[in-house]
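Hello,

Please have a look at it first, then read on.

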Amino acid sequence: MSLKIGYARVSTDDQKLDQQIDQLVKAGVDERNIYMEKEHGTKRDRPELNRMLSELHEGDEVIIVEISRFSRSTRDLLDIVERIKDKGASIKSLSE
(Lines give C-alpha, C1' and ligand atoms only; values in the text may rest on other atoms or scores of the structure.)
Protein backbone atom coordinates (compact mmCIF):
# COMPACT_ATOMS: atom_id res chain seq x y z
CA MET A 1 0.00 0.00 0.00
CA SER A 2 1.47 3.35 -1.07
CA LEU A 3 1.48 6.19 1.43
CA LYS A 4 1.82 9.93 1.37
CA ILE A 5 4.71 10.69 3.72
CA GLY A 6 5.38 14.19 5.04
CA TYR A 7 8.59 15.75 6.30
CA ALA A 8 8.62 18.99 8.28
CA ARG A 9 11.63 20.74 9.79
CA VAL A 10 12.34 23.97 11.60
CA SER A 11 15.82 25.23 12.44
CA THR A 12 15.40 26.35 16.04
CA ASP A 13 13.44 25.38 19.13
CA ASP A 14 11.68 28.78 18.97
CA GLN A 15 10.12 28.00 15.59
CA LYS A 16 6.92 26.00 15.31
CA LEU A 17 6.08 23.14 12.97
CA ASP A 18 2.32 23.88 12.98
CA GLN A 19 2.13 25.70 9.64
CA GLN A 20 4.07 23.01 7.78
CA ILE A 21 2.00 20.25 9.38
CA ASP A 22 -1.25 22.02 8.39
CA GLN A 23 -0.07 22.30 4.78
CA LEU A 24 0.97 18.66 4.65
CA VAL A 25 -2.38 17.51 6.07
CA LYS A 26 -4.23 19.68 3.52
CA ALA A 27 -2.14 17.95 0.83
CA GLY A 28 -3.51 14.59 1.98
CA VAL A 29 -0.81 13.39 4.38
CA ASP A 30 -2.10 11.60 7.47
CA GLU A 31 -0.58 13.37 10.49
CA ARG A 32 0.69 10.00 11.74
CA ASN A 33 2.87 9.82 8.59
CA ILE A 34 4.65 13.14 9.14
CA TYR A 35 8.27 13.04 10.27
CA MET A 36 9.12 16.19 12.25
CA GLU A 37 12.43 17.68 13.25
CA LYS A 38 13.83 20.69 15.03
CA GLU A 39 17.33 20.61 13.59
CA HIS A 40 19.43 23.25 11.91
CA GLY A 41 19.58 22.54 8.17
CA THR A 42 23.37 22.53 8.17
CA LYS A 43 23.47 19.60 10.60
CA ARG A 44 24.46 16.48 8.75
CA ASP A 45 22.71 14.10 11.13
CA ARG A 46 18.95 14.57 10.93
CA PRO A 47 17.54 11.48 12.70
CA GLU A 48 13.93 11.85 11.54
CA LEU A 49 14.93 12.42 7.91
CA ASN A 50 17.12 9.33 8.05
CA ARG A 51 14.33 7.32 9.70
CA MET A 52 11.85 8.46 7.04
CA LEU A 53 14.23 7.51 4.23
CA SER A 54 14.86 4.07 5.76
CA GLU A 55 11.13 3.37 6.18
CA LEU A 56 10.05 4.36 2.64
CA HIS A 57 8.45 1.74 0.43
CA GLU A 58 8.00 1.47 -3.30
CA GLY A 59 5.19 3.74 -4.48
CA ASP A 60 5.29 6.06 -1.45
CA GLU A 61 5.20 9.80 -2.11
CA VAL A 62 7.29 12.11 0.07
CA ILE A 63 5.66 15.52 0.40
CA ILE A 64 7.51 18.58 1.67
CA VAL A 65 6.33 22.16 2.05
CA GLU A 66 9.45 23.62 0.45
CA ILE A 67 12.93 22.48 -0.49
CA SER A 68 14.65 24.74 2.06
CA ARG A 69 13.01 22.67 4.84
CA PHE A 70 14.38 19.49 3.32
CA SER A 71 18.00 19.92 2.31
CA ARG A 72 21.12 21.87 3.17
CA SER A 73 22.45 22.35 -0.35
CA THR A 74 21.87 21.35 -3.95
CA ARG A 75 24.23 18.38 -3.51
CA ASP A 76 22.37 17.31 -0.35
CA LEU A 77 19.03 17.62 -2.17
CA LEU A 78 20.27 15.49 -5.07
CA ASP A 79 21.56 12.83 -2.64
CA ILE A 80 18.24 12.70 -0.76
CA VAL A 81 16.20 12.56 -3.98
CA GLU A 82 18.42 9.73 -5.23
CA ARG A 83 17.79 7.77 -2.01
CA ILE A 84 14.04 8.30 -2.43
CA LYS A 85 14.14 7.15 -6.06
CA ASP A 86 16.26 4.10 -5.13
CA LYS A 87 13.38 3.03 -2.85
CA GLY A 88 10.91 3.36 -5.75
CA ALA A 89 9.24 6.36 -4.11
CA SER A 90 8.69 9.91 -5.37
CA ILE A 91 8.93 13.42 -3.98
CA LYS A 92 6.67 16.46 -4.26
CA SER A 93 7.24 20.00 -3.01
CA LEU A 94 4.15 22.07 -2.32
CA SER A 95 6.00 25.33 -3.03
CA GLU A 96 8.32 24.64 -5.94
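For the first point you need one convention: helix axes are lines fitted to C-alpha atoms over the stretch in contact, and the angle between them runs from 0 to 180 degrees between N-to-C directions. Please also keep in mind that this is a predicted model.

Let's start with a pair of helices. H2 (residues 47–55) packs with H3 (residues 74–86) at an angle of about 30°, and their axes are 9 Å apart. Angles under 35 degrees count as roughly parallel, so H2 and H3 are roughly parallel to each other. On the H2 side the contact is made by Leu49, Asn50 and Leu53, and on the H3 side by Ile80, Arg83 and Ile84. Of these residues, four are nonpolar, one is polar and one is charged.

Next comes helix H1 (residues 18–26), where Gln20, Ile21 and Leu24 are buried. Seen down the axis of H1, the buried residues fall within an arc of 100°, so they line one face of the helix. They pack against strands S1 (4–10), S2 (34–38) and S3 (61–64). The face turned away from that buried side carries the exposed residues Gln19 and Lys26. After H1 comes glycine 28, with a positive phi near 100°.

Finally, take a look at glutamate 37, which sits in strand S2. Glutamate 37 is buried, with a relative accessible area of 4%. Its side chain is joined to that of tyrosine 7 by a polar contact of 2.5 Å. Beyond its neighbours within four places in sequence, glutamate 37 has contacts including Arg9, Leu17, Arg46 and Leu49.

Enjoy exploring!

Notes
Residues are numbered from 1 along each chain as its sequence is written. This is a predicted model: local features need pLDDT of at least 70, side-chain atom pairs count only at pLDDT 80 or more; totals for chains, interfaces and linings use all residues. Side-chain values use heavy atoms; hydrogens and water are left out. Helices (H or I, at least four residues) and strands (E, at least two) are DSSP runs, numbered from the N terminus. Angles under 35 degrees count as roughly parallel, over 145 as roughly antiparallel, 65 to 115 as roughly perpendicular and the rest as oblique. Contact means heavy atoms within 4.5 Å. Ala, Val, Leu, Ile, Met, Phe, Trp, Tyr, Cys and Pro count as nonpolar, Asp, Glu, Lys and Arg as charged, and the others, Gly among them, as polar. Buried means under 20% relative accessible area, exposed over 50%, partly exposed in between (1.4 Å probe, protein chains only). The arc is that of the directions from the helix axis to the C-beta atoms. A polar contact is a pair of N or O atoms within 3.5 Å; within protein, one must be able to donate a hydrogen and the other to accept it, and residues adjacent in sequence count only if both atoms are side-chain atoms.
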